[in-house]
Structure formats: C-alpha cells, structure tokens
Amino acid sequence: MKDDTKEIVSYVFVGGMTTLVNYVVYFILLKIHSHWLIANSISWIFAVLFAYYTNKRYVFKSTNNIKKEFMTLLIENICLYLLIDLLNLQPMISKVCVSFITILSNYILCKFKIFKEEGVCHG
C-alpha cells in the first residue's frame, strides 16, 4: 500500500476509535446529568489523549508534544455552544454535527501542524 494511502487509512481507523471514545464518555456524562460543556470537555480530554497517543505512535510517527492539540477543544466547545444554546439542538445531535467539522480540521491540523517536524510529516 502506498505510504500516503496507508497513512490516511490508519488515520481514519484511529479517528473512528477516537470518535467512539469521545461519544461514549460524552453520552455517559450526559446520562448522569452533567452539563453538556463539562461532558464535552471531559470526553474531549479522553479522546485527545487516545488520539494523540495512537496518531503519534501509529499514524504519523512523530515526537512533537500535545500542547498544539488543545485548540480543537476551544473550537469544539464554541461550535457546541452555537448549536445547543443558540440553535436549541439537542446535545447528542449537536455533538454529531460538530464531529464532522472536527474530524476534517483535526486531520489537517495533525498532518500539517501538530505532527509536522522540520517541514516533513513522518508517515
């Protein structure tokens, strides 16, 4: 398999597993009546730790640190605020909508910023 194709397939698989971690934690926290912002922040932390480790080790094979990833929490919480508090969508439906935005932006961030080292992404 071509290196770029293998990287994309690996990223999609890890992304699916990351999304599962994110949704399961978010769903559980909503079920125990946590506020959506707290539930999202905690589920995001679990998902990012999982994604960072697996992307770093298996997809991009990088040595950069996790600090650059935290911008996605801010983006996700702002998007959820817009959908839940301003548009009155349900928290779980809003989470699904925001996921489409964050999955695409996360790949772009990982590929070109987070796991970039000396102008070359290791894959």
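Buried means under 20% relative accessible area, exposed means over 50%, and partly exposed lies in between, with a 1.4 Å probe and protein chains only as cover. By that rule, S41 is buried at 19% relative accessibility. The legends below describe a predicted model, in which local features need pLDDT of at least 70, side-chain atom pairs count only at pLDDT 80 or more, and totals for chains, interfaces and linings use all residues. Residues are numbered from 1 along each chain as its sequence is written, and side-chain values use heavy atoms, leaving out hydrogens and water.

**Figure 1. The whole chain, to get your bearings.** Four helices and two strands make up the secondary structure, and along the sequence they follow the pattern α-α-α-α-β-β. Helices (H or I, at least four residues) and strands (E, at least two) are DSSP runs, numbered from the N terminus. Of the 123 residues in the chain, 37% are buried. Among contacts (heavy atoms within 4.5 Å) with a separation of 6 or more, 69% join residues 24 or more positions apart. The chain exposes about 7,700 Å², and carbon and sulfur atoms supply 71% of that area. Accessible areas come from the Shrake-Rupley method with a 1.4 Å probe; for residues, only the protein chains shown count as cover.

**Figure 2. The largest nonpolar core.** Here you can find V25, Y26, L29, W36, A39, C79, L80, L83, I84 and V98, the ten residues of this core. Two or more residues each come from α1 (3–31), α2 (36–59) and α3, and α3 gives the largest share, with four residues. A nonpolar core is a set of buried Ala, Val, Leu, Ile, Met, Phe, Trp, Tyr and Cys residues joined through side-chain atoms within 4.5 Å.

**Figure 3. W36 and its contacts.** Setting aside neighbours within four places in sequence, W36 is in contact with Y26, L30, N77, L80, Y81, I84, D85 and P91. W36 is also one of the core residues, as are its partners Y26, L80 and I84.

**Figure 4. S41 in helix α2.** S41 sits in helix α2. Not counting residues up to four places away in sequence, S41 touches L73 and N77. N77 is also in contact with W36.

**Figure 5. Y23 in helix α1.** Y23 lies in helix α1 and counts as buried because its relative accessible area is 17%. Beyond residues up to four places away in sequence, Y23 touches M92, K95, V96 and S99.

Figure 6. M71, L74, I75, I78, Y81, L82, L86, L87, L89 and I93 make a patch of about 910 Å². Helix α3 (residues 71–86) gives the largest share, seven residues. Patches are made of residues with over 30% relative accessible area and no salt bridge, with like charges joined within 9 Å and nonpolar side chains (Val, Leu, Ile, Met, Phe, Trp, Tyr) within 5 Å. A salt bridge is a side-chain nitrogen of Lys or Arg within 4 Å of a carboxyl oxygen of Asp or Glu.

**Figure 7. Two loop residues with positive phi.** Most residues other than glycine have a negative phi. H33, in the loop between α1 and α2, has a positive phi of about 70 degrees and is exposed at 73% relative accessibility. N88, in the loop between α3 and α4 (91–114), has a positive phi near 60 degrees and is exposed at 63%.
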